[in-house]
Amino acid sequence: MSINQDRIALFEEDLKIVFKPLQLHIEDESHLHAGHAGAASGGGHFKLTIVAPEFEGLSKVARHRAVYAALSKHFPDSIHALTILAFTPSESTN
């Protein structure tokens, strides 16, 4: 496993403590940011897609805050940038 695959496994564990995801996918997009100043810090660039009932009734901003709180211990050492797509089960297309 690469370092970012190990990181993704830890992110998934922490997200599952806070949420009961029906879908959870984390993609390592660090290769898209090679040479970027933030890439030099060692933190990766990730894209998170999560479908969870806990997002029901929350605004997009509140959903993002909840995800950031769940992953807070990973910033900035493991995560430099995070794209978040957070949906309720009724919003999910899958």
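## Strand 2 and the overall fold

Strand 2 is mostly covered, with 6 of its 8 residues buried; buried denotes under 20% relative accessible area, exposed over 50%, and partly exposed the range in between, with a 1.4 Å probe and protein chains only. The model is predicted: local features need pLDDT of at least 70 and side-chain atom pairs count only at pLDDT 80 or more, whereas totals for chains, interfaces and linings use all residues. Residues are numbered from 1 along each chain as its sequence is written, and side-chain values use heavy atoms, with hydrogens and water left out.

The protein chain contains 2 helices and 3 strands, arranged from the N terminus as α-β-β-α-β. Helices (H or I, at least four residues) and strands (E, at least two) are DSSP runs, numbered from the N terminus. Of the 94 residues of the protein chain, 35% are buried. The accessible surface of the protein chain comes to about 5500 Å², 56% of it supplied by carbon and sulfur atoms; such areas come from the Shrake-Rupley method with a 1.4 Å probe, and for residues only the protein chains shown count as cover. Among contacts (heavy atoms within 4.5 Å) with a separation of 6 or more, 72% join residues 24 or more positions apart.

The 3 strands make an open sheet of mixed pairing, in the order 1-2-3. Strand 1 (23-28) and strand 3 are at the edges with a single partner strand each, so one side of each has no neighbour in the sheet. From one strand to the next, the twist averages 15°.

Two strands pair if DSSP finds at least two bridges between them. Strand 1 and strand 2 are antiparallel and share 6 bridges; Asp28 has Phe46 of strand 2 as its bridge partner. The chain then passes from strand 2 through helix 2 to strand 3 in a right-handed β-α-β crossover, meaning that, with the strands pointing away from the viewer, the path from the first strand over the helix to the second runs clockwise. Strand 2 and strand 3 run parallel and are joined by 8 bridges. Lys47 has Thr83 of strand 3 as its bridge partner, while Gly44 stands opposite Ile79 in strand 3.

## Helices against the sheet

Helix 1 lies across strand 1, strand 2 and strand 3, at about 155° to strand 1. Helix 2 also packs on the sheet, where it touches strand 2 and strand 3, and its direction makes about 130° with that of strand 3. Axes are lines fitted to C-alpha atoms, for helices over the stretch in contact, and angles run from 0 to 180 degrees between N-to-C directions.

In helix 2 (residues 60-70), the buried residues are Arg63, His64, Val67 and Ala70. Viewed down the axis of helix 2, these residues fall within an arc of 125°, so they line one face of the helix; the arc is that of the directions from the helix axis to the C-beta atoms. Their cover includes helix 1 (3-18), strand 2 (44-51) and strand 3 (79-87). Arg65 and Ala69 are exposed on the face of helix 2 turned away from its buried side.

## A cis peptide bond

Phe75 and Pro76 are joined by a cis peptide bond, with omega about -5°. Pro76 belongs to the loop between helix 2 and strand 3. Most peptide bonds are trans.
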